[in-house]
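Here is a short briefing on one protein model. Keep the sequence and the 3D view side by side as you read.

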Amino acid sequence: MTKLFKDFFESEKAGGLTLIACTVVSLVIANSAFGEGYHLFWQTQFAGHSLVHWVNDGLMTIFFLLIGLELEREIYQGELSNFKDALLPIFGALGGIIVPAGLFMLFNFGTQTQSGAGIPMATDIAFALGILSLLGNRVPTSLKVFLTALAVIDDLGAILIIAIFYTKTILWINLFIALGIFAFLLILNRLKIRNLIPYLIGGVAMWYFMLNSGVHATITGVLLAFTIPFSDGGEKSSSYILQHFLHKPVAFFILPVFALANTAIILSGDIGQTLTQNYSIGIALGLIVGKPLGIFLLTFLGVTFGFCKLPGDLNWKSILGVGFLGGIGFTMSIFITLLAFDNETIINNAKFVILISSLIAGLIGFLSLKLTLKHAAVDND
């Protein structure tokens with residue numbers, strides 16, 4: 001593994017554990033005597049927007065910038081640089097998008113909650129790698145890379161879904177200005193300008209106009225990532241420097257703050273009734289059943305028909321186990337929930353179902369991989 005990938009995996013590993021801790025803390029506070037004050041804190045207005053809005057539209061743009069930089073590196077030098085090798089996680093990601101969405105629509109098509117089809121599509125990289133890391137050095141490198149590439153492609157799919165399906169009203173002038181800035185930054189890239197400052201200033205300007213265009217501002221992060229000069233991808237390249245710099249702030253500040261701001265879920269009412277709503281069933285089935293089924297089925301078909309190949313140190317039990325880890329939606333699933341629904345009750349209930357479903361999928365994935373990798377180690381010995 002390259003040093004940067006090791007850094008990425010280690011930061012996501014620790015970041016995933018931090019996310020778990022922040023989620024637990026947020027749930028405990030939200031359901032304590034301090035719950036009302038905690039909720040009101042995140043609704044505090046600053047410069048015309050609530051704190052939670054600044055987190056979701058501002059800080060999360062930086063998260064998407066890191067995802068974009070990682071995707072760029074995977075395309076130029078990583079697992080996605082060789083087309084046939086890239087096809088395995090691509091097939092898996094497609095299955096992990098199509099099947100969960102299909103299961104959700106099976107229960108919600110034609111209802112007011114059908115807009116939530118994007119919720120079970122995405123994989124939370126930090127949480128998934130955090131759980132995988134608990135298995136230690138028994139995890140083959142190829143399995144780590146497969147899950148990382150799968151999650152990155154998943155997030156790209158989620159970003160495209162946000163851009164296409166969750167944009168309600170577009171102010172075309174602001175959108176064209178944002179795209180114009182994007183084009184200008186691409187020109188700077190072509191002129192081989194390596195200094196990061198003009199790109200970062202341009203990125204802030206692009207974010208501002210994108211925010212006021214109606215298209216979700218977090219898209220700016222991915223667009224900006226592909227304007228940053230990659231060069232040879234070495235430690236002195238602009239892309240490497242920025243990606244390396246962002247790892248720890250994203251893992252230990254941005255994602256934990258997102259968790260604290262968006263998991264202040266008040267557990268009240270009839271939980272049984274909550275879990276039997278059509279959108280709840282769709283989310284749960286999508287994450288717990290649809291994700292592993294889609295990932296396994298599409299990769300199996302891809303290998304069977306010769307489009308891609310399974311690495312020698314992996315087996316189909318490992319792929320199925322990773323498929324369950326793909327069902328840990330959390331960050332992206334909650335993010336899409338906020339865009340898909342307007343009703344506060346539905347949003348709160350959907351978040352609760354996402355947490356429960358992600359927990360179940362993560363536990364099944366962890367236990368199945370623990371048994372599978374243990375047996376694999378015995379077989380190899």
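This is a predicted model: local features need pLDDT of at least 70, side-chain atom pairs count only at pLDDT 80 or more; totals for chains, interfaces and linings use all residues.

A search of the whole structure finds zero disulfides, and the count of salt bridges comes to one.

- In soluble globular proteins, nonpolar side chains tend to be buried together.
- Take Leu132 as an example. Beyond its neighbours within four places in sequence, Leu132 is in contact with Val139, Leu143, Lys144, Leu147, Leu325 and Leu369.

- Helix H3 covers residues 51–76, which makes 26 residues.
- From first C-alpha to last, H3 reaches 37 Å, close to the 38 Å expected at 1.5 Å a residue.
- H3 has a kink of about 35°, centred on Met60.
- Most of H3 is covered, with 19 of its 26 residues buried.
- Helix H4 (residues 83–108) also has its span checked: its 26 residues should span 38 Å at 1.5 Å a residue. The end C-alpha atoms of H4 are 36 Å apart, so the two values agree.
- Gly110 follows H4 and has a positive phi, near 85°.

**Cysteines**

- A disulfide is a covalent bond between the sulfur atoms of two cysteines.
- The whole structure has zero disulfides.
- Cys22 has 14% relative accessibility; buried means under 20%, so Cys22 counts as buried.
- Cys308 has a relative accessible area of 4%, so Cys308 is buried as well.

**The salt bridge**

- Which side chains meet in a salt bridge? They belong to Asp154 and Lys291, at 2.5 Å from N to O.
- Asp154 lies in helix H6 and Lys291 in helix H12 (residues 278–304), so the pair ties together parts that are 137 residues apart in sequence.
- Both Asp154 and Lys291 are buried.

- Lys192 is a residue other than glycine, yet its phi is positive, near 60°.
- Lys192 sits in the loop between helix H7 (172–190) and helix H8 (196–211).
- Is Lys192 buried or exposed? Its relative accessible area is 60%, so Lys192 is exposed.
- Ser231, also not a glycine, has a positive phi near 55°.
- The loop between helix H9 (219–225) and helix H10 (238–262) holds Ser231.
- Ser231 has 42% relative accessibility, so Ser231 counts as partly exposed.

- Thr263 lies in the loop between H10 and helix H11 (271–275).
- With 0% relative accessibility, Thr263 counts as buried.
- Thr263 and Thr23 are 240 residues apart in sequence, but 6.3 Å apart in space, C-alpha to C-alpha.
- Which residues does Thr263 touch, not counting those up to four places away in sequence? They are Thr23, Ser26, Leu27, Phe330, Ile334 and Leu355.
- Gly221 belongs to helix H9. Its relative accessible area is 1%, so Gly221 is buried.
- Gly221 and Gly58 are 163 residues apart along the chain, and their C-alpha atoms are separated by 9.8 Å.
- Gly221 touches Thr61, Phe64 and Leu65, leaving out residues up to four places away in sequence.
- Ala117 lies in the loop between H4 and helix H5 (125–133).
- Ala117 has a relative accessible area of 12%, so Ala117 is buried.
- Beyond its neighbours within four places in sequence, Ala117 is in contact with Ala101, Phe104, Met105 and Tyr166.

Conventions:
Residues are numbered from 1 along each chain as its sequence is written. Side-chain values use heavy atoms; hydrogens and water are left out. Contact means heavy atoms within 4.5 Å. Helices (H or I, at least four residues) and strands (E, at least two) are DSSP runs, numbered from the N terminus. The expected span of a helix is 1.5 Å times one less than its number of residues. The bend at a residue is the angle between axes fitted to the seven residues ending there and the seven starting there. Buried means under 20% relative accessible area, exposed over 50%, partly exposed in between (1.4 Å probe, protein chains only). A disulfide is a pair of cysteine sulfur atoms within 2.5 Å. A salt bridge is a side-chain nitrogen of Lys or Arg within 4 Å of a carboxyl oxygen of Asp or Glu.
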